[in-house]
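Dear colleague,

I am passing on to you the structure we spoke of, with the sequence alongside.

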Amino acid sequence: MAYMHEFYFESAAMILTLITVGKMLEARSKGRTTDALKSLMKLAPKTATVIRDGEETEVSVDQVLKDDIFVVRPGENIPVDGVVIEGSSAVNESALTGESIPVDKEVGDAVSAATVNQSGFIRCRATRVGEDTTLSQIIQMVSDAAATKAPIAKVADRVSGVFVPAVIAIAAVTILGWLLAGESFGFALARGISVLVISCPCALGLATPVAIMVGNGMGAKNGIMFKTAVSLEEAGKTEIVALDKTGTITRGEPRVTDLIPLEDLKESVVGASNEISRKDSAEEALLAMAYALEKKSEHPLARAILQAAEERGLVAAEVKEFKALPGNGLSALLDGEEVSGGNLAFIGRQAEVPEAMKSQAKQLAEEGKTPLFFSRAGVLQGIIAVADVMKEDSPQAVRELQNMGIHVVMLTGDNEQTAKAIGAQAGVDEVIAGVLPDGKESVIRSLKHKGKVAMVGDGINDAPALTRADIGIAIGAGTDIAIDAADVVLMKSRLSDVPAAIRLSRATLKNIHENLFWAFFYNAVGIPLAAGLWYPLFGWKLNPMFGAAAMSLSSFCVVTNALRLNWFDMHDTRRDKKIKRNKKEELVMEKTMKIEGMMCGHCEARVKKCLEALEGVGEAVVSHETGTAVVKMEGLVADEILKKTVEDQDYKVVSIQ
């Protein structure tokens with residue numbers, strides 16, 4: 001009868017019950033980690049109204065073919081990606097981009113599946129259907145990312161791989177130890193079973209993947225697509241962010257920024273209101289003349305003038321004998337008078353340009369703007385300044401990155417003067433100008449000597465740099481090649497999503513560390529307790545069914561902790577912390593240039609002087625005997641700039657390493 005109390009029949013039943021309840025809670029919590037993916041799938045429309053044989057026919061969205069014509073009425077979801085061919089409307093794209101303000105769509109504009117037509121009737125031509133639609137690609141991207149393993153998961157996997165045999169060995173040693181200590185077989189067996197039941201490899205195995213799934217889902221909801229779990233983990237470790245200028249910091253399309261008509265300032269103008277009216281009419285007259293001249297031009301700067309004129313509701317007058325003079329400007333006849341537009345050198349040959357206007361043009365150039373001069377009948381009419389204007393959120397995004405302890409670098413092929421003007425407006429730490437498209441990759445390679453680098457870009461020329469960087473981040477409005485080469489895609493095309501992506505990555509990694517800590521801590525505390533380590537001192541012993549409850553709850557708690565990421569605000573700057581700088585960043589970089597043509601000490605001095613005059617170069621050790629120049633740099637200088645500087649002195653640069 002005494003041995004009957006050691007059988008634990010009720011414990012056996014309770015162990016199975018508690019484990020089942022724990023697994024149910026865990027399954028429900030894990031199910032919530034894929035809520036973002038499920039909500040994306042629910043967005044997909046089921047039917048579409050297409051034009052077949054001249055009539056509207058409702059078909060399953062799977063039956064829509066490329067180049068089919070489909071119609072969308074107000075309040076309906078757009079079934080597939082397409083292009084508007086008739087009508088106009090406001091489309092709510094918040095499902096894909098998170099942007100709450102509807103986007104106006106007119107003929108020629110692209111529309112995406114799962115977005116909502118809010119106002120007008122539109123007729124569209126299907127461009128991407130089935131798995132090729134933007135929504136399908138997002139769903140696939142989120143699903144693939146959730147299926148990949150983060151580097152930190154490999155640590156947990158290795159531990160889990162030895163965890164089970166180690167626990168079995170501990171249980172066997174526990175039973176044997178208590179038997180040798182003189183305890184009954186029932187007592188020893190209960191301690192061994194408690195060890196087996198309370199140990200929880202599940203918590204270790206769940207610590208990483210559930211946090212990755214929730215983090216990826218949060219990114220998807222906010223228009224930030226991490227392609228893999230690796231990119232989600234590594235983004236938070238970024239120390240240097242390199243930003244492409246055109247299309248990333250700036251809009252990528254020129255706009256008119258200044259209208260400066262030539263006025264006779266000596267004329268007295270009575271009344272402030274008259275002065276304002278006079279100025280407005282003078283600006284409008286200048287813009288109208290430029291509009292007439294530029295309307296027949298295909299130059300990108302001409303499009304900026306056309307846009308500005310159309311926004312003011314101007315009507316272009318007809319010009320005759322239009323001529324485009326490459327490298328100079330344009331000329332034509334307007335109402336029998338010759339009108340011209342172009343650079344200072346071109347217009348200076350046709351009209352007198354006052355010194356005040358030249359100074360104004362120089363100031364505009366220093367601000368990163370392109371001044372265009374216009375004359376009529378041999379008389380200067382004024383200047384129209386055009387520039388690739390900065391995105392509204394770019395300066396704020398740069399400040400946020402800097403507050404997170406990240407060094408921000410701007411890369412551009414523009415001349416140094418324009419680049420510095422844009423860089424100053426954006427507030428970046430460093431500007432690297434004059435970088436050719438194929439030179440961005442070498443700049444990223446150099447930056448990687450100083451820390452972990454993220455490259456942000458949108459163009460085809462950015463693809464090699466995006467691939468070379470530790471983390472490639474593509475602007476969603478960029479080219480398909482850039483998006484394919486990147487690890488992270490910003491669907492909203494906002495630079496402010498770069499610090500948001502880094503914040504989300506850091507929060508996810510912190511959550512994983514918390515999960516792993518509690519999983520290890522739970523087992524480190526629970527297994528000794530279950531083995532009866534404290535029984536001789538305090539008389540503590542663990543009933544196996546309580547061990548089962550603790551084990552089930554440990555997995556549930558790990559998953560629940562990961563779900564806290566759903567309430568993380570990735571745009572909240574209040575908790576930004578500066579990362580610890582990599583020691584590599586303090587190193588002075590060196591580049592060795594192989595130079596042909598140096599014959600003597602004078603050549604050495606000449607090359608040394610021109611190299612050390614460059615900003616970012618600390619010292620240049622030049623030898624005509626070895627034909628080399630060892631350049632010690634305090635900042636980053638593109639290889640193209642080093643090469644051009646030396647070759648401008650009539651020497652040949654063979655290689656730079």
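I start with helix 12, residues 300-311: at 1.5 Å a residue its 12 residues should span 16 Å, and the end C-alpha atoms are 17 Å apart, which agrees with that expectation. Please keep in mind throughout that this is a predicted model.

Several residues of helix 12 are buried, namely Leu301, Ala302, Ala304, Ile305, Leu306, Ala308 and Ala309. After helix 12 comes Gly313, which has a positive phi, near 75°.

Six strands make up an open sheet, arranged in the order 12-17-16-15-14-13, and their pairing is antiparallel. At its edges lie strand 12 (250-261) and strand 13 (320-325), each of which pairs on one side only. From one strand to the next, the twist averages 15°. Helix 12 packs on this sheet, where it touches strand 12, strand 16 (370-376) and strand 17 (379-390), and the direction of helix 12 makes about 65° with that of strand 12.

The axes of helix 15 (residues 394-403) and helix 20 (residues 497-531) come within 8 Å of each other and cross at roughly 30°. Because angles under 35 degrees count as roughly parallel, helix 15 is roughly parallel to helix 20. On the side of helix 15 the contact is made by Ala397, Glu400 and Leu401, while helix 20 contributes Val498, Pro499, Ile502 and Arg503. Sorted by class, the contact between these two helices has five nonpolar residues, two charged residues and no polar ones.

The protein has 24 helices and 26 strands, and buried residues make up 48% of its 657 residues. Of the contacts with a separation of 6 or more, 68% are accounted for by residues 24 or more positions apart.

Methods. Residues are numbered from 1 along each chain as its sequence is written. This is a predicted model: local features need pLDDT of at least 70, side-chain atom pairs count only at pLDDT 80 or more; totals for chains, interfaces and linings use all residues. Side-chain values use heavy atoms; hydrogens and water are left out. Axes are lines fitted to C-alpha atoms, for helices over the stretch in contact, and angles run from 0 to 180 degrees between N-to-C directions. Helices (H or I, at least four residues) and strands (E, at least two) are DSSP runs, numbered from the N terminus. Angles under 35 degrees count as roughly parallel, over 145 as roughly antiparallel, 65 to 115 as roughly perpendicular and the rest as oblique. Contact means heavy atoms within 4.5 Å. Ala, Val, Leu, Ile, Met, Phe, Trp, Tyr, Cys and Pro count as nonpolar, Asp, Glu, Lys and Arg as charged, and the others, Gly among them, as polar. The expected span of a helix is 1.5 Å times one less than its number of residues. Buried means under 20% relative accessible area, exposed over 50%, partly exposed in between (1.4 Å probe, protein chains only). Two strands pair if DSSP finds at least two bridges between them.
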